[in-house]
Amino acid sequence: MSTNAKPYKETLNLPATEFAMKANLPAREPKIQAEWREQDLYGQLRRARKGAPVRVLHDGPPYANGDIHMGTALNKMLKDFVVRSLSMRGFDSPYVPGWDTHGLPIEHKVMKDLGPRAAGLSRAEIRELCRVEAMKWVDVQRDQFRRLGVMGDWDDPYLTLDHRYEAGITDVLADLLEGGYVFRQLKPIHWCTSDQTALAEAELEYRDETSTSVHVLFPMIAGVPDSWLRIDESMPEDWRAMIWTTTPWTLPANAAVAVHPDLEYVGVRYDDPETGATVRAILGAELVKKVMDLRGIADYAEVGRCKGRALEHAQYRHPFVDRVSPIVLANYVSVEDGTGLVHTAPGHGGEDYLTGRAYQLPVLSPVDPAGKFTAEAPDWLVGLHVLAANPRVVDRLREIGALYLSAPLTHSYPHCWRCKKPVIFRATEQWFVGVDRNDLRGRTLAEIRDAVTWYPAWGRSRIEAMVTLRPDWCVSRQRSWGVPIPALGCVACDAQLLTAETARHFRDLFRKEGADAWFARPVEEILPPDAKCPNCGGTEFRKEGDILDVWFESGSSHRAVLAEGGGFGLGFPAHMYLEGSDQHRGWFQSSILTAVGTTGRAPFESILTHGFVVDDKGQKMSKSLGNVVSAVKATEQHGADVLRLMIAGMDYADDVRVSERSIKEASESYRKIRNTFRYLLGNLEDYRRFDPSTIDRDTLLDIDLWALGQLNQTIREALEAYERYEFYWVVKKLNVFMSITLSSFYLDVLKDRLYAEEPTGDERRAAQFVLFKLHEALTRLLAPILPHTAEESWGYLPHGQGFPASVHLATFPDPDPRWDDPERDARWAVLKEARDAILKALEGLRRDKTIGSAQEAAVEVVAAPADASILQADRDLLAMICLVSQVTIKEGGPVAEGAERFQATAAKSTFAKCERCWNHRVDVGRIENHPTLCGRCVRVIEAAAAKGPA
RNA sequence: CCUCUCGUAGCUCAGCGGUCAGAGCGCUCGCCUUAUAAGCGAGUGGUCGCGGGUUCGAAUCCCGCCGGGAGGACCA
């Protein structure tokens with residue numbers, strides 16, 4: 001043992017850096033974010049990219065209600081990856097986040113909190129409470145998104161309650177009116193007859209209720225299959241279509257009977273056990289016995305059969321109203337209950353309504369807001385509440401012999417959330433955007449097909465199918481918290497005044513005073529000039545009460561946020577919309593329909609959709625399953641960069657599995673990345689004052705050139721993946737490069753040079769040059785995904801070489817063709833294979849306890865002649881990359897089939913160990929003054945001594 | 001029930017007609033103590049959801065089923 005072991009060790013250049021091994025992201029990230037805000041990094045980036053090609057990712061507004069969850073976090077992180085990577089690709093890519101602030105959930109919450117006090121407040125007052133509620137959550141969510149590291153214009157987001165935005169919405173409405181898309185029509189909606197108000201689906205409570213169900217016979221007048229008539233010697237009028245309903249009161253509004261086109265129907269003849277009369281009924285084939293059994297009829301005869309399709313357009317007479325109606329086809333008809341023939345009242349049912357539209361049936365709804373029959377109903381029902389009318393209808397049916405059976409039935413039925421009374425379906429006048437007017441549908445489909453890129457590609461077929469089938473868009477809602485449809489009702493004749501001109505008048509008003517003006521100010525003050533009833537010329541109006549569907553609001557963002565003059569002017573169309581796959585039906589559709597209707601173009605050039613967050617078993621997250629992972633908590637515990645790394649590593653096109661475990665795994669992966677950066681920085685500490693441009697290509701060793709070539713390849717792959725928005729591919733490639741190529745190979749091999757060579761000698765400087773390149777490139781490539789860590793690491797980079805202060809102002813690295821050399825790479829592939837064989841051989845020695853570290857070993861490799869000559873030339877190189885003391889090559893015969901390409905045998909080196917660099921070298925002990933050192937170390941130490949103490 | 005979609009090692013992903021199905025992480029064992037609550041090495045691990053079919057040959061193409069997810073429809 002040498003007495004001066006310590007001094008030798010102190011002559012090594014060991015890594016040193018302040019870049020901490022322990023990230024402590026929960027504490028570190030907020031500090032970095034505070035600096036970004038202080039320096040207005042977002043503003044700096046805007047200025048830096050001014051004049052560059054613009055690419056805007058337009059934010060879809062999340063609903064301002066509640067804390068963000070993993071799904072919203074996923075969405076915002078993906079957007080941030082896109083926006084940041086676009087910026088680093090050199091685009092000017094502003095990001096203006098937005099919030100959806102209107103709508104039922106907020107109104108619902110406010111009304112719930114108010115309770116009975118709500119009745120004493122005006123709509124304007126309730127709206128103010130809604131505004132406060134919405135803004136509360138905007139602030140909460142803004143902080144949470146910022147904490148995730150999402151970069152954008154958080155100080156001036158767009159809000160759907162903003163005056164500018166409300167004007168934008170109304171502007172879109174005006175253009176659609178001008179284009180002739182908007183019309184008014186009856187449509188059934190859920191209606192509470194007690195509160196006399198429309199109800200949304202979310203305001204319904206389903207509870208069991210006992211109703212009177214009836215089987216009713218409708219007399220046919222035409223369309224009964226000829227064969228049945230022949231066989232049974234009957235007339236069409238002898239036949240009856242039998243229907244079943246649990247709401248007898250809707251029978252006055254019956255406008256059709258629906259059958260399934262592919263179901264089998266039969267004509268049945270039986271004698272009524274009470275009257276003895278012979279009845280001929282049409283029934284679903286599978287239900288005949290069930291229906292006959294209801295009244296214990298065993299003696300019945302099947303006269304004939306046909307498919308439902310054959311009954312289409314047959315006609316029947318309403319049993320107690322003077323009306324002839326058709327039999328129609330509908331796919332929703334089933335044989336689970338009833339008769340297989342469905343009573344259809346377009347004014348009293350959602351599906352009935354759609355069927356009615358398809359067959360041009362009248363929408364009948366002879367019921368007033370209080371639920372009482374109007375004069376349109378038969379006189380024996382007028383004035384009666386519909387639910388009280390049920391027995392009367394049943395009695396009537398019995399009297400006229402149209403009743404087969406009446407029986408009580410308990411089923412789930414919707415009730416009003418507030419008064420708990422059963423609700424009804426009632427047709428009311430609603431505003432629509434007609435998708436078939438001016439071929440809006442066709443033009444939209446053409447844009448979907450030709451003008452938009454879909455990520456993933458199947459998004460196109462999905463939305464195509466939806467747009468092809470969608471009905472007209474009902475855009476009116478009977479609520480308070482939203483943008484009013486500025487329709488004026490003529491006091492004299494009830495006609496509606498809503499034109500492009502009047503809408504633009506209100507657009508200007510809303511821009512100035514906000515939509516609140518509609519609710520707060522008397523009608524006279526806000527009337528458009530020369531307002532005149534289109535029907536009677538009257539000039540007295542009342543404000544109508546409907547507001548716009550919130551999807552219309554968010555769907556108007558292309559006007560309010562993208563178009564010039566809307567307040568943000570980000571540019572129309574946007575480069576990309578990025579949302580969950582549920583938005584094929586939601587925002588993507590409302591956006592493209594309003595944009596095509598008003599401008600003829602899609603508002604987006606591309607759509608990127610992602611799946612939903614599910615747990616580690618693939619089940620969706622829900623409170624009841626207890627598998628919810630909180631995005632806010634996860635950030636507080638593990639840090640945003642860990643969460644971001646986890647998300648980036650997953651293929652978002654499919655569902656994304658998130659659990660405590662997946663976050664933990666991401667932390668492990670993060671640590672590897674962080675430690676690699678730490679190593680790079682630790683060995684660059686003394687590199688600050690050095691000018692890398694002085695490095696001559698010739699000073700770089702072969703392995704350095706190879707490493708830079710590998711970096712080139714990684715850069716290329718990462719950039720291509722960023723261009724395809726496949727972030728998991730970026731993560732994967734960088735992971736492999738950092739842990740395999742660098743950490744376990746190149747950086748490991750480099751240690752001897754970095755630690756033991758002369759601090760400023762060519763060998764070490766060459767290595768540092770590569771480390772510098774690696775650090776600079778990797779920091780940038782990871783910046784969109786790990787913005788905090790990249791920034792932190794970037795801050796340790798030696799400055800003064802034309803780099804921006806923040807990595808986020810930089811652009812991605814370019815591959816440098818100087819480092820490309822396929823022949824060299826092929827040679828290295830052979831060396832690496834030989835290395836694998838050697839390392840395996842070393843493992844045997846370790847098991848024997850012959851050696852510990854690789855440096856103690858000497859290796860002999862046997863290879864086929866062709867390989868042997870390659871290896872012979874690179875013998876010392878091979879020793880270096882295996883960290884062994886010596887390699888000898890022996891030429892063997894051709895390699896046997898299935899055998900290893902290289903046969904490596906290892907033994908303990910006969911050389912002595914150098915005390916300083918730990919290599920076993922032949923020249924250790926040959927130099928007088930330093931009997932425990934190798935020649936290289938002696939050279940280094942003497943050079944240092946010659947220079948004198950530092 | 002309909003439309004779309006996914007199902008390859010414990011996890012995240014490659015492979016998409018042709019050698020014993022791969023990578024990273026994890027896990028196990030070992031080495032080092034000069035990246036040190038680090039680093040290195042060697043191992044482990046999959047009947048490619050299941051069942052048919054096409055083919056000389058299928059994880060890869062076709063059909064059916066099962067399971068997960070999204071959207072919709074239904075509850076008259």
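Helices here are DSSP runs of H or I with at least four residues, strands are E runs of at least two, and both are numbered from the N terminus.

## About the model

This is a predicted model, in which local features need pLDDT of at least 70, side-chain atom pairs count only at pLDDT 80 or more, and totals for chains, interfaces and linings use all residues. Residues are numbered from 1 along each chain as its sequence is written, chains are lettered from A and ligands numbered from 1 in the order in which they are written, and side-chain values use heavy atoms, with hydrogens and water left out.

## Backbone details

Let's start with the loops. Glutamate 233 sits in the loop between α8 (226-232) and β7, and its phi is near 50°, a positive value in a residue other than glycine.

Two cis peptide bonds are also worth a look. One runs from tyrosine 455 to proline 456, with omega near -10°; proline 456 is placed in the loop between β17 (453-455) and α14. Another joins phenylalanine 572 to proline 573, with omega near -5°, and proline 573 belongs to the loop between α19 (557-562) and β24 (576-580).

## Around the RNA

RNA strand B is surrounded by 62 residues, the closest being Val342, Glu351, Asp651, Arg661 and Trp918; a residue is near the strand if one of its heavy atoms lies within 4 Å of it. Helix α25 (727-756) is among the elements that each supply at least two residues of this surface, and α25 gives the most, with 11 residues. Other contributors include β7 (239-245), β14 (342-344) and α14 (458-469).

Which parts of the RNA face the protein? Of the atoms of RNA strand B within 4 Å of the protein, 79% belong to sugar or phosphate and the rest to bases. As for the bases, a nitrogen is 3.3 Å from a side-chain N or O atom of arginine 462, and an oxygen is 3.0 Å from a side-chain N or O atom of lysine 732. With arginine 916, a backbone N or O atom lies 2.7 Å from a base oxygen.

## Charges

The structure holds 64 salt bridges, each a side-chain nitrogen of Lys or Arg within 4 Å of a carboxyl oxygen of Asp or Glu. One of them pairs arginine 936 with glutamate 757, the closest N and O atoms being 3.2 Å apart. This pair links distant parts of the chain, 179 residues apart: arginine 936 is in helix α31 (residues 935-947) and glutamate 757 in the loop between α25 and α26.

Asp696, Asp698, Asp762 and Glu763 form a negative surface patch, where members have over 30% relative accessible area and no salt bridge, and like charges are joined within 9 Å. The accessible areas come from the Shrake-Rupley method with a 1.4 Å probe. Aspartate 762 lies in helix α26 (residues 762-782).

Note on methods: Patch = residues over 30% accessible without salt bridge, like charges linked within 9 Å, V, L, I, M, F, W, Y side chains within 5 Å. Lys, Arg positive; Asp, Glu negative; His and termini not counted. Charge placed at Lys NZ, Arg CZ, Asp CG, Glu CD. Polar contact = N/O pair within 3.5 Å; in protein donor to acceptor, adjacent residues only side chain to side chain.
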